[in-house]
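Dear colleague,

Please find below the structure that I am passing on to you. My notes on it come after the display, and I would be glad if you read them with the model open.

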Amino acid sequence: MKNILVVGGAGYIGSHTVKMLRAQGYSPVVYDNLSKGHRQAVEEVPFEEGDLGDKARLAEVFAKHHIEAVMHFAAFIEVGESVKEPSKYYHNNVAKVLNLLDTMKENGIKYFVFSSTAATFGEPVQPKINETHPQQPINPYGNSKLMVEKMLEDFDQAYGLKSVALRYFNASGADDSGLIGESHSPETHLIPLVLQAAAGKRPSIKVFGSDYPTPDGTCVRDYVHVNDLARAHILALEKMEKENKSLRYNLGSGSGFSVAELIKEAKEITGIDFKVEYEERRAGDPAVLVADPAKAQAELGWTPQYNLKQIIATAWNWEKNRRF
Ligand code: UFG
């Protein structure tokens, strides 16, 4: 099965996965409405502009490219925005995905890889989050992703649609080539903001909260390189097809780093002593979020190949010479 429709393939994680799919002999086709994605991120790949809500367009693209499986990356991802504008999140991240799944069903496409998130778990009840951890999201973004996970269980049971749901922890870093990388507008993620401070594109980095119950008072996160995520997508796709079974994995390194530790690493890697300002906590941030990646390791043979230094170094390489 080689013809993969990558919905949202012009975005950050999508474009890195498209590059890896090609390198591994797949024929990805990108489907993207370019509301957030970048055409330059997928210049060498068949590209179909279209919206997830457009069933006729999806059906046309499925037929034209003999699509056999769909990877879905096109979602809104900002927790804070989701609290202010839940309707936007439920439309895009839930209703339009239902539309996509219905169109797949009508066209006999049986395999789906879904970008889920650590945000489906809510507040951690144990130090490392494994796949049996309760899923109790604390914001509309997490709710929207969990709703799709539930829909996928029901679609498997009723229609035999097999799916992989991958719960990413903190996706970060950039491709080693420096040709693609993270580019959100507005940017809200820590690593690109830190590196923009280092590059002098921002006056400082603001640290949200220094009174958390963590060793240095700043939030602890599990950073996982975007190419490690991309590799997990392909491994999981292959296992799903081979075993004809739906799968769920938490994707992180299993190690947590605090915001202060990350800033220290970034100063060392860039050699620039940029300004750091301590601010109030940001609403909705759990103190610690770290994955237990044992299941992905055991079942997919997946272990992250990039450590935090390499994540920051590749992101810095991108930040200095970014094309979009
Ligand atoms: N942070 C700062 N200053 C900033 C930006 C972030 O101190 O300018 C802190 C945050 O408070 C948090 C940490 O850096 O403690 C990481 O923040 P990010 O925004 O980079 O990432 P999140 O952990 O908030 O979000 C990630 C994904 C989301 C997903 C969430 C799941 O990017 O899409 O994990 O909880 F929803």
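The notes below begin with conventions, turn to the ligand, and then go through strands and single residues.

The model is a predicted one, in which local features need pLDDT of at least 70 and side-chain atom pairs count only at pLDDT 80 or more, whereas totals for chains, interfaces and linings use all residues. Residues are numbered from 1 along each chain as its sequence is written, and side-chain values use heavy atoms, with hydrogens and water left out.

**The ligand and its shell**

The ligand is surrounded by 21 residues, the closest being His-189, Leu-190, Lys-206, Arg-221 and Asp-285; a residue is taken as near a molecule or strand if one of its heavy atoms lies within 4 Å of it. Sorted by class, this shell holds 13 nonpolar, 4 polar and 4 charged residues, where Ala, Val, Leu, Ile, Met, Phe, Trp, Tyr, Cys and Pro count as nonpolar, Asp, Glu, Lys and Arg as charged, and the others, Gly among them, as polar.

Helix H6 (190-198) and strand S8 (205-208) each supply at least two residues of the shell, and S8 gives the most, with 4 residues. These labels follow DSSP runs numbered from the N terminus, with helices (H or I) of at least four residues and strands (E) of at least two. Domain 1 (3-172 + 223-251) and domain 2 (190-221 + 254-321) each contribute at least three residues to the shell, with the bounds coming from an automatic or database domain assignment.

Which backbone atoms lie close to oxygen atoms of the ligand? A backbone N or O atom of Leu-190 lies 2.7 Å from a ligand oxygen, one of Phe-208 lies 2.9 Å from a ligand oxygen, and a polar backbone atom of Thr-188 is 3.4 Å from an oxygen atom of the ligand. Taken alone, the ligand exposes 690 Å², of which the protein buries 91%; accessible areas come from the Shrake-Rupley method with a 1.4 Å probe, and for residues only the protein chains shown count as cover.

**Strands**

Strand S5 (residues 111-117) runs parallel to S6 and is joined to it by 7 bridges, with Ser-115 standing opposite Leu-166; two strands are said to pair if DSSP finds at least two bridges between them.

Strand S1 (residues 3-7) is mostly covered, as 4 of its 5 residues are buried, and it pairs in the parallel sense with strand S2 (residues 27-32) over 5 bridges, where Val-30 is the bridge partner of Val-6.

**Single residues in loops**

Ser-204 sits in the loop between H6 and S8 and counts as buried at 9% relative accessibility, while its side chain makes a polar contact of 2.6 Å with that of Glu-277. A polar contact is a pair of N or O atoms within 3.5 Å; within protein, one must be able to donate a hydrogen and the other to accept it, and residues adjacent in sequence count only if both atoms are side-chain atoms.

Two backbone details may interest you. A cis peptide bond, with omega of about 0°, joins Ser-185 and Pro-186, and Pro-186 lies in the loop between strand S7 (170-172) and H6. Leu-34, although not a glycine, has a positive phi of about 60°; Leu-34 is found in the loop between S2 and strand S3 (47-49) and is partly exposed at 26% relative accessibility.

With best regards

Note on methods: Buried < 20%, exposed > 50% of the residue type's maximum accessible area, 1.4 Å probe, protein only.
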